[in-house]
Amino acid sequence: ALVSANILPIYGVLYLGWDAYLLFLLFWTETIVISLYTILKIILSHRWGSVLIVPFFIAVVGVVLLVHFVFITVVILYLQQFFDFGQIHSYETIGHQFLTIMPGILVLVFSHGVSFFVNYIKRHENNNHTASDYTKTVLHRIVIMHTAILMFSFLGPLFPSIIFLTCLMTVKIIFEIRAHKNEHSITLIRN
């Protein structure tokens, strides 16, 4: 499910004309999807304690997501100096942008839902993690994404956009697989 969820954006770039802004918007939306599943994990594992933990998590992740969105917008504006590499659209068209990437969003919801069910419910990962662990996982993911986006921001102007975006997605798939294996192998070792 993890690889297939990341192949759809490659298809979007190659065949549906998705630009860098739409791709990065999808990355940003994936962080929201992961955060929602994280909230569910916190609620299920901390029950009454989640009444205090969840609002704090939402506040922290909300601020990080805002900064992340601004960062993505700045990166796209930087890349537009070199070539037509996605457009920052007006607020009137933001709904259209989300509709454009909706198949990708739905696949991400499904993929992360499968991971939630298989790893959290079926393998009982809820027995081994604290709310702090969950928060660190989400924030670690954002740091990795920012690093990848920065790296490709400097390399992007050197390549045609289609090659750049395909390489970006390939690197993201590799990072996602490694992070997923590391996260769940630690859980298996603790058991």
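Is Ile10 buried or exposed? With a relative accessibility of 16%, Ile10 counts as buried, where buried means under 20% relative accessible area, exposed over 50%, and partly exposed in between, for a 1.4 Å probe and protein chains only.

1. Basis of the values. The model is predicted, so local features need a pLDDT of at least 70 and side-chain atom pairs count only at pLDDT 80 or more, while totals for chains, interfaces and linings use all residues. Residues are numbered from 1 along each chain as its sequence is written, and side-chain values use heavy atoms, with hydrogens and water left out.

2. Overall fold. The chain has seven helices and zero strands, in the pattern α-α-α-α-α-α-α along the sequence. Helices (H or I, at least four residues) and strands (E, at least two) are DSSP runs, numbered from the N terminus. Among contacts with a separation of 6 or more, 80% join residues 24 or more positions apart; contact means heavy atoms within 4.5 Å.

3. Burial and surface. Of the 191 residues, 42% count as buried. The chain exposes about 10300 Å², of which carbon and sulfur atoms supply 73%. Accessible areas come from the Shrake-Rupley method with a 1.4 Å probe, and for residues only the protein chains shown count as cover.

4. Surroundings of Ile10. Ile10 is placed in helix α1. Leaving out residues up to four places away in sequence, Ile10 touches Met169 and Ile173. The C-alpha atoms of Ile10 and Cys167 are 9.2 Å apart, although 157 residues separate the two in sequence.

5. Nonpolar core. The largest nonpolar core has 38 residues, and those with the most contacts inside it are Leu23, Phe24, Phe27 and Ile101. A nonpolar core is a set of buried Ala, Val, Leu, Ile, Met, Phe, Trp, Tyr and Cys residues joined through side-chain atoms within 4.5 Å. Two or more residues of this core come from each of α1, α2, α3, α5 (102–122), α6 (131–155) and α7 (161–190), and α2 gives the most, with 13 residues. In soluble globular proteins, nonpolar side chains tend to be buried together. Apart from its neighbours within four places in sequence, Phe27 is in contact with Arg141, Met145, Leu168, Met169 and Lys172.

6. Helix α2. This helix has 27 residues and reaches 39 Å from its first C-alpha to its last, close to the 39 Å expected at 1.5 Å a residue; the expected span is 1.5 Å times one less than the number of residues. Because 20 of its 27 residues are buried, α2 is largely enclosed by the rest of the structure. Just after α2, Arg47 takes a positive phi of about 30 degrees.

7. Ser35. Ser35 lies in helix α2 and, at 5% relative accessibility, counts as buried. A polar atom of the Ser35 side chain lies 2.8 Å from the backbone oxygen of Thr31. Neighbours within four places in sequence aside, Ser35 is in contact with Phe57, Val61 and Val138.

8. Aromatic pairs. The structure holds four aromatic pairs. Rings of Phe, Tyr and Trp (its six-membered ring) pair if their centres lie within 6.5 Å; planes under 30 degrees apart count as stacked, over 60 as edge-to-face and the rest as tilted. The ring centres of Tyr11 and Tyr15 are 5.1 Å apart with the planes at 40 degrees, so this pair is tilted. Tyr11 and Tyr15 are four residues apart in helix α1 (residues 2–15), and therefore separated by about one helical turn. Tyr11 is partly exposed at 43% relative accessibility, whereas Tyr15 is exposed at 60%. The rings of Trp28 and Phe69 are also tilted, because their centres are 5.2 Å apart and their planes at 55 degrees. This pair links distant parts of the chain, with Trp28 in helix α2 (residues 20–46) and Phe69 in helix α3 (residues 50–80), 41 residues apart. Trp28 is buried at 15%, and Phe69 is partly exposed at 22%. One aromatic cluster is formed by Tyr37, Phe116 and Tyr120.

9. Helix α5. The 21 residues of α5 should span 30 Å at 1.5 Å a residue, and its end C-alpha atoms are 28 Å apart, which agrees. Buried residues in α5 include Gly104, His112, Phe116 and Tyr120. Just after α5, His124 takes a positive phi of about 60 degrees.

Definitions and conventions. A polar contact is a pair of N or O atoms within 3.5 Å; within protein, one must be able to donate a hydrogen and the other to accept it, and residues adjacent in sequence count only if both atoms are side-chain atoms.
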